[in-house]
Amino acid sequence: MMNIFLGAPIVGILTALAAVVAEQLLAVVVNIIFQKEIVLDVYAHLGFFLVAAAIIEESLKYFSAIYILRRIFGLKRFKFIFAAILTGLFFGLTETYFVLLANGKGIRDIGILDNETLFSLTAILLVHILTAFLIAVLIAGRSGETKLTALKTIIPAAFIHLLFNFLIVQKGDFTNWLVGIVLAITFVANLSIIAFNFRELD
């Protein structure tokens, strides 16, 4: 149980930190090659960097799930899925904290944030939980490994993350509804995968 309630949160935090490092390295490479600096307003529109960030983050979640939760911790079935959800939660909490820091705010400032910012931060948290959940159910529900197993697991999660990024930067009541719908569909899809693969879950 320690692997789940202590290990999984630590994995989530470390995976988020690894994503930050990878994204910063990407920003340095872009700066060197294209002489273009990645600045904070890059998050105001969907472009190369947000696409790359989503792929990096979902890839790291996948490898954390496979190599740490699955192989090192030896978690199976619902213990594995629950640990992945916890990993996603703490990944999201870490990213949310960095978003606050980047905007000159801290945890104590959450109470004074406007509704739009609170919605965005909550949505960020939920998308990381749900994509980690999706990755876990896809891993637990598959019958065997192939050369394309990683891609087949990462691509759906990255697609949802990219769709979320596209919607969240639009900033409007209608797109907020769409964000909620995407998150709800992802949740239902995760439960459906579990239901259809219940006996085969590993």
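The legends below describe an overview and several close-up views of a predicted protein model.

**Figure 1. Overview of the six helices of the protein.**
The protein has six helices and zero strands, where helices (H or I, at least four residues) and strands (E, at least two) are DSSP runs numbered from the N terminus. From the N terminus on, the order of elements reads α-α-α-α-α-α. Of the 202 residues, 43% count as buried; buried means under 20% relative accessible area, exposed over 50%, and partly exposed in between (1.4 Å probe, protein chains only). The protein exposes about 11300 Å², and carbon and sulfur atoms supply 70% of that area. Accessible areas come from the Shrake-Rupley method with a 1.4 Å probe, and for residues only the protein chains shown count as cover. Among contacts (heavy atoms within 4.5 Å) between residues at least 6 apart in sequence, 77% join residues at least 24 apart. Residues are numbered from 1 along each chain as its sequence is written, and side-chain values use heavy atoms, with hydrogens and water left out. Because the model is predicted, local features need pLDDT of at least 70 and side-chain atom pairs count only at pLDDT 80 or more, while totals for chains, interfaces and linings use all residues.

**Figure 2. Packing of helix 4 with helix 6.**
Helix 4 (residues 115-141) and helix 6 (residues 173-196) pack at an angle of about 20°, and their axes are 10 Å apart. Axes are lines fitted to C-alpha atoms, for helices over the stretch in contact, and angles run from 0 to 180 degrees between N-to-C directions. Helix 4 and helix 6 are therefore roughly parallel; angles under 35 degrees count as roughly parallel, over 145 as roughly antiparallel, 65 to 115 as roughly perpendicular, and the rest as oblique. The crossing of helix 4 past helix 6 is left-handed, meaning that the near helix is turned anticlockwise from the far one by less than a right angle (right-handed if clockwise). The residues of helix 4 that meet helix 6 include F119, L130 and F133, and those of helix 6 include N176, F187 and N190. By class, this contact of helix 4 with helix 6 has 15 nonpolar, three polar and no charged residues. Ala, Val, Leu, Ile, Met, Phe, Trp, Tyr, Cys and Pro count as nonpolar, Asp, Glu, Lys and Arg as charged, and the others, Gly among them, as polar.

**Figure 3. Packing of helix 5 with helix 6.**
Helix 5 (residues 149-168) packs with helix 6 at an angle of about 165°, with axes 9 Å apart. The two helices, helix 5 and helix 6, are therefore roughly antiparallel to each other. Helix 5 passes helix 6 in a left-handed crossing. Helix 5 contributes I160, L163, F164, L167 and I168 to the contact, and helix 6 contributes T175, L178, V179, V182 and T186. The residues of this contact of helix 5 with helix 6 divide into eight nonpolar, two polar and no charged.

**Figure 4. R77 and A84 in helix 3.**
R77 is found in helix 3 (residues 77-102). R77 is not a glycine, yet has a positive phi of about 45°. With a relative accessible area of 29%, R77 is partly exposed. A84, also in helix 3, is buried, with a relative accessible area of 3%. Not counting residues up to four places away in sequence, A84 touches L69, A132 and A136. The C-alpha atoms of A84 and S64 are 8.9 Å apart, and these residues are 20 apart along the chain.

**Figure 5. E200 in the segment after helix 6.**
E200 counts as partly exposed, at 49% relative accessibility. Along the chain, E200 and R142 are 58 residues apart, and their C-alpha atoms are separated by 7.7 Å.
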